[in-house]
Amino acid sequence: MSHNLSSTQAEPYAKNSPRYRQITWILSFAAVVVFANLHALQPLLPELSRSFALSELQTSWSYAIGTLALGVSLLLYGALSDAFGRRQLLGLTLLGMAAATVAITQVDTYPQLLVWRAVQGFFLGGLPAIAIAYMGEELSKPALLAAVGYYISASSLGGISGRVLAGFCAELGHWQWAFWPMAALSLLLVGMFWRYLPPSQHFVAKPFSLRQALADNWFHLRQPVLLLSFLIGGLNFLVYLNQYTYISFALAQAPYHLSSGYIGLLFLTYLTGTLGSAMSGRVSKKLTAPQGIAAGIAMMMLGTLVTLIPQIWGIVLGFFISAFGFFLTHSLATGFVNQHASRAKASASALYLVFYYVGASSGGFYLHPFWQTAGWSGVVLASLLMYSLTLAMSGYLRRCTQDSVLCR
């Protein structure tokens with residue numbers, strides 16, 4: 001009771017205050033560790049295929065099941081944290097993530113790996129579902145804008161560093177060696193989180209209502225502009241993320257024969273994605289969001305075509321171009337959803353991420369028949385077909401924003 005009284009009196013932490021720095025750096029470190037854990041398995045897929053004698057589609061499930069579990073968990077964590085508190089629930093999810101990562105270092109069979117990746121993915125969803133809400137309550141507006149910028153950059157850095165680190169650790173020995181440093185970082189994060197993240201001052205509990213949560217989600221799904229945005233984000237990620245999976249298999253085979261360490265370096269192409277996210281604000285001043293999304297999709301189509309150049313430099317260049325285009329569209333679509341949700345904005349943003357991660361986990365089913373038929377050229381064809389669909393959707397989204405009667 002006294003906690004609630006004090007929360008009404010305390011001021012949000014100002015930018016550059018000691019508490020602002022603690023919150024920013026702990027949650028940014030958490031973003032690095034969480035997204036490193038999520039994506040570490042991707043450059044290891046060719047090695048897993050050899051170790052367990054599995055097809056590419058079977059092997060890709062070890063990666064996809066983590067993103068799928070994360071996507072599903074987002075439907076729960078936001079509402080639960082509204083009811084039971086941000087810091088406590090976030091801390092428990094980080095502890096669960098660390099335990100699951102330690103367990104992955106001990107698995108002996110592929111089914112065991114799938115189970116623990118699903119458990120890990122479920123706990124990984126806590127940070128993206130809760131962190132921004134916590135910062136929004138505890139920080140002043142200028143501090144929040146700066147902190148969110150650091151947090152998003154750290155998320156991108158985590159995805160890159162996790163893949164690169166895992167690739168080279170696997171070269172030192174067994175593929176499980178990649179998860180030892182992940183487990184150590186996860187346990188370090190849990191200790192730092194409970195020691196240094198300030199308790200919530202401004203959290204006000206809201207009664208958990210499953211009926212209201214379902215009603216909000218159903219409302220969002222019936223808004224054409226929001227549903228189109230959800231589909232564009234999910235279908236773009238379905239292709240973009242899984243292109244990296246299949247190029248990993250291509251690079252592990254003739255004529256390249258690259259090791260997991262060098263395959264991991266390909267994920268440095270994500271760095272132009274960070275630039276694309278940063279430039280989305282400037283783009284939004286000159287183009288409408290649907291126009292900017294269309295431009296980003298066109299860049300992904302161009303990048304995909306460039307990967308047909310049968311040399312390493314062509315593949316790398318193509319992924320650099322695609323990364324810029326993808327993160328530009330993702331940033332613009334995220335902002336568009338927030339602006340056009342007329343109620344329950346947090347649940348609209350969460351629903352976008354559900355489509356986003358479910359799309360990521362579904363890409364193998366879509367791309368695999370093309371891969372089996374024509375190798376990487378087939379993946380390129382499948383990618384262009386799906387990007388053509390999302391490009392058409394962005395055009396329809398533009399018409400919807402210009403003529404509200406059209407999309408009722």
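These legends cover close-up views of a predicted model. Local features need pLDDT of at least 70 and side-chain atom pairs count only at pLDDT 80 or more, while totals for chains, interfaces and linings use all residues. Residues are numbered from 1 along each chain as its sequence is written, and side-chain values use heavy atoms, with hydrogens and water left out.

**View 1. The largest cavity is lined by residues including Leu57, Trp61 and Phe365.** Its volume is about 50 Å³. Helix H4 (56–84) and helix H16 (345–402) each give two or more residues. H4 gives the most, with five. The lining has five nonpolar, four polar and no charged residues. (A cavity is a set of points on a 1 Å grid over the protein atoms alone where a 1.4 Å probe fits but cannot get out; lining residues have an atom within 4 Å of a point. Helices are DSSP runs, H or I, of at least four residues.)

**View 2. The second largest cavity has a volume of about 30 Å³.** Ile232, Gly233, Asn236, Phe326, Thr329, His330, Ala333, Tyr352 and Tyr356 line this cavity. H15 supplies the largest share, four residues. By class, the lining holds five nonpolar, four polar and no charged residues.

**View 3. A nonpolar surface patch includes Phe168 and Phe320.** Tyr262, Leu265, Leu268 and Leu271 complete the patch, which covers about 510 Å². Phe168 sits in helix H8 (residues 141–172). Phe168 counts as partly exposed because its relative accessibility is 33%. (Patch residues have over 30% relative accessible area and no salt bridge, with nonpolar side chains joined within 5 Å. A salt bridge puts a side-chain nitrogen of Lys or Arg within 4 Å of a carboxyl oxygen of Asp or Glu. Exposed means over 50% relative accessible area, buried under 20%, partly exposed in between, with a 1.4 Å probe and protein chains only.)

**View 4. The loop between H11 and helix H12 (260–265) holds Pro255.** The peptide bond from Ala254 to Pro255 is cis, with omega near 5 degrees. His257 is in the loop between H11 and H12. His257 is not a glycine, yet its phi is positive, about 50 degrees. With a relative accessible area of 56%, His257 is exposed.

**View 5. Ala53 lies in the loop between helix H3 (45–52) and H4.** Its phi is near 55 degrees, a positive value in a residue other than glycine. Ala53 counts as exposed, at 67% relative accessibility.

Definitions and conventions
Patches are made of residues with over 30% relative accessible area and no salt bridge: like charges are joined within 9 Å, nonpolar side chains (Val, Leu, Ile, Met, Phe, Trp, Tyr) within 5 Å. Accessible areas come from the Shrake-Rupley method with a 1.4 Å probe; for residues, only the protein chains shown count as cover. On a 1 Å grid over the protein atoms alone, a cavity is a set of points where a 1.4 Å probe fits but cannot get out, and a pocket is an open set with protein on both sides within 12 Å along at least five of seven lines; lining residues have an atom within 4 Å of a point. Grid points are joined across faces, edges and corners, and a volume is the space filled by probe spheres set on the points. Ala, Val, Leu, Ile, Met, Phe, Trp, Tyr, Cys and Pro count as nonpolar, Asp, Glu, Lys and Arg as charged, and the others, Gly among them, as polar.
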